[in-house]
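Subject: Structure handover

Hello,

Here is the structure we talked about. Please open it and read the notes below alongside it.

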Amino acid sequence: MDISDETMLRLLQSAMYGEAIGDALGVPYEGCARDTFTCITMTGSEAAGIPAGTFSDDTSMALATLDSLMHRDGVVDPDDLRERYRDWLFDGKYTAGGAAFGVGAPHTRPCTPTTVWAASATTATARSCAASRSRSSVCRTTMCVR
């Protein structure tokens, strides 16, 4: 079956909307054990200052990845991906509220002992990374400059 570019774009847009909505529904319950909560509507977190409908880093990184693929004609360019992930983490691009949230020491750290930090690594988030032992995807793609 042949699919037109327009149809493919609509399918991709629909998939991203579904991902973002599902992510936003789950944000208030992230870290909760299964069967310990009931999600009946879109809620936020007053304590964390996160309004209802705010999606997480999962959606932000998916948007950054799609943006890179779109601008690189479908070719995976690790340097371009890293720059877009850094734009998300440090500048709030691809976020619902203009700033990345929920990313701290458990999620980021220098990738190797010889990692060279970029100038923006002086932020509190980046400074907290040095003590962490995480090997998350955020660390591997965003924090290190090789």
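**A buried tyrosine in a loop**

Tyr-94 is buried, at 13% relative accessibility. Keep in mind throughout that this is a predicted model. Tyr-94 sits in the loop between α3 and α4, the latter spanning 124-129. Its backbone stands out too: phi of Tyr-94 is positive, about 70°, although Tyr-94 is not a glycine.

Asp-35 also has a positive phi, near 65°, and is likewise a residue other than glycine. Asp-35 belongs to the loop between α1 (5-26) and α2. Is Asp-35 buried or exposed? Asp-35 counts as exposed, because its relative accessibility is 74% and the cut-off for exposed is over 50%.

**Overall make-up**

The protein has five helices and zero strands. Along the sequence the pattern reads α-α-α-α-α. There are 146 residues, and 32% of them are buried. Take the contacts with a separation of 6 or more: 60% of them join residues 24 or more positions apart.

**How α2 packs on its neighbours**

Two packed helices are described by the angle between their axes and the distance between the axes. Two pairs are worth a look, and α2 takes part in both.

Start with α1 and α2. Their axes are 9 Å apart and the packing angle is about 160°. That makes α1 roughly antiparallel to α2, because the angle is over 145 degrees. On the α1 side, the contact uses Leu-12, Met-16, Glu-19, Ala-20 and Asp-23. On the α2 side, the partners are Asp-58, Thr-59, Ala-62, Leu-63 and Leu-66. By class, the residues of this α1 and α2 contact are six nonpolar, one polar and three charged.

Now α2 and α3. Helix α2 covers residues 57-71 and helix α3 covers residues 78-91. Their axes come within 9 Å and cross at roughly 140°. That makes α2 oblique to α3. The crossing of α2 past α3 is right-handed. From α2, the contact takes in Asp-57, Ser-60, Met-61, Ala-64, Thr-65, Asp-67, Ser-68 and His-71. From α3, it takes in Asp-80, Leu-81, Arg-84, Tyr-85 and Trp-88. The residues of the α2 and α3 contact divide into five nonpolar, four polar and four charged.

Ser-68 lies in helix α2. How accessible is Ser-68? Its relative accessible area is 1%, so Ser-68 is buried. Leaving aside residues up to four places away in sequence, Ser-68 touches Asp-77, Asp-80, Leu-81 and Arg-84. Ser-68 and Leu-81 are 13 residues apart in sequence, and their C-alpha atoms are 6.0 Å apart in space.

Ile-21 lies in helix α1. Ile-21 is partly exposed, with a relative accessible area of 47%.

What does Tyr-29 touch, not counting residues up to four places away in sequence? Its contacts are Phe-37, Thr-38, Cys-39 and Thr-43. Tyr-29 counts as buried, at 17% relative accessibility. Tyr-29 and Ser-45 are 16 residues apart in sequence and 9.6 Å apart in space, C-alpha to C-alpha.

**Cysteines**

A disulfide is a covalent bond between the sulfur atoms of two cysteines. How many disulfides does the model contain? The count comes to zero, with a cut-off of 2.5 Å between the sulfur atoms. Cys-32 is partly exposed, at 40% relative accessibility. Cys-39 is partly exposed as well, with a relative accessible area of 35%. Cys-39 is also one of the residues that Tyr-29 touches.

Best wishes

Conventions: Residues are numbered from 1 along each chain as its sequence is written. This is a predicted model: local features need pLDDT of at least 70, side-chain atom pairs count only at pLDDT 80 or more; totals for chains, interfaces and linings use all residues. Side-chain values use heavy atoms; hydrogens and water are left out. Axes are lines fitted to C-alpha atoms, for helices over the stretch in contact, and angles run from 0 to 180 degrees between N-to-C directions. Helices (H or I, at least four residues) and strands (E, at least two) are DSSP runs, numbered from the N terminus. Angles under 35 degrees count as roughly parallel, over 145 as roughly antiparallel, 65 to 115 as roughly perpendicular and the rest as oblique. A crossing is left-handed if the near helix is turned anticlockwise from the far one by less than a right angle, and right-handed if clockwise. Contact means heavy atoms within 4.5 Å. Ala, Val, Leu, Ile, Met, Phe, Trp, Tyr, Cys and Pro count as nonpolar, Asp, Glu, Lys and Arg as charged, and the others, Gly among them, as polar. Buried means under 20% relative accessible area, exposed over 50%, partly exposed in between (1.4 Å probe, protein chains only).
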